[in-house]
Amino acid sequence: MYAVVKTGGHQYKASVGDELIVERIPHEVGTQVELDQVYLVADEEEVLVGQPTVDGALVRATIVE
């Protein structure tokens, strides 16, 4: 499963366990953030494309550095 999300003015493809280098997110290391600007969600069976975002889709990420 993967998603295309927007943060810091850029779009990123994110999968479970990925580490992404993104624009600065103003939170402390270890903080879990929710990225709600999700443009696409896909798995082996289905692809959901938002107009502009996918309703109810959310990506949770943890700040590591």
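**Figure 1. One salt bridge in the predicted model.** This is a predicted model. The count of salt bridges comes to one. Its partners are Arg 60 and Glu 34, whose side chains meet at 3.3 Å, N to O. Arg 60 belongs to strand β6 and Glu 34 to strand β3 (residues 32–35), so the pair ties together parts that are 26 residues apart in sequence. Are the two partners buried or exposed? Both Arg 60 and Glu 34 are exposed. Side chains of opposite charge can pair when their charged atoms come close.

**Figure 2. A patch of negative charge on the surface.** Four acidic residues gather here: Asp 43, Glu 44, Glu 45 and Glu 46. Together they form a patch of negative charge on the surface. Glu 45 sits in the loop between β4 (38–42) and β5 (47–49). Its relative accessible area is 78%. Glu 45 is exposed because this value is over the 50% cut-off.

Figure 3. Thr 7 is part of strand β1 (residues 2–7). Its relative accessibility is 12%. Thr 7 therefore counts as buried, since the limit is under 20%. Which residues does Thr 7 contact, leaving aside its neighbours within four places in sequence? They are Tyr 12, Val 22, Ile 25 and Leu 35.

**Figure 4. Tyr 2, a partly exposed residue of strand β1.** Tyr 2 lies in strand β1. With a relative accessible area of 30%, Tyr 2 is partly exposed. Neighbours within four places in sequence are left aside for its contacts. Tyr 2 then touches Lys 13, Ala 14 and Ser 15, and also Leu 40, Val 41 and Ala 42. Asp 18 is 16 residues from Tyr 2 along the chain. Their C-alpha atoms are separated by 9.8 Å.

**Figure 5. Ala 57 in the loop between β5 and β6.** The loop between β5 and β6 holds Ala 57. Is Ala 57 buried or exposed? Ala 57 counts as buried, at 16% relative accessibility. Not counting residues up to four places away in sequence, Ala 57 touches Asp 36, Val 38 and Val 41. Gly 30 is 27 residues from Ala 57 in sequence. In space the two are 22 Å apart, C-alpha to C-alpha.

Figure 6. The peptide bond from Gln 51 to Pro 52 is cis. Its omega is near 10°. Where is Pro 52? Pro 52 lies in the loop between β5 and β6 (59–62).

**Figure 7. Val 16 and Glu 19 in the loop between β2 and β3.** Val 16 is found in the loop between β2 (10–15) and β3. Glu 19 is also placed in the loop between β2 and β3. Val 16 has 78% relative accessibility and counts as exposed. Glu 19 counts as exposed too, at 69%. From Val 16 to Lys 6 is ten residues in sequence. The C-alpha to C-alpha distance for Val 16 and Lys 6 is 16 Å.

Key
Residues numbered from 1 in each chain as written. Predicted model: local features only at pLDDT ≥ 70, side-chain atom pairs only at ≥ 80, totals over all residues. Heavy atoms only, no water. Patch = residues over 30% accessible without salt bridge, like charges linked within 9 Å, V, L, I, M, F, W, Y side chains within 5 Å. Areas by Shrake-Rupley, 256 points an atom, 1.4 Å probe, with all protein chains shown as cover. Lys, Arg positive; Asp, Glu negative; His and termini not counted. Charge placed at Lys NZ, Arg CZ, Asp CG, Glu CD. Helix = DSSP H or I, 4+ residues; strand = E, 2+ residues; numbered from the N terminus. Buried < 20%, exposed > 50% of the residue type's maximum accessible area, 1.4 Å probe, protein only. Contact = heavy atoms within 4.5 Å.
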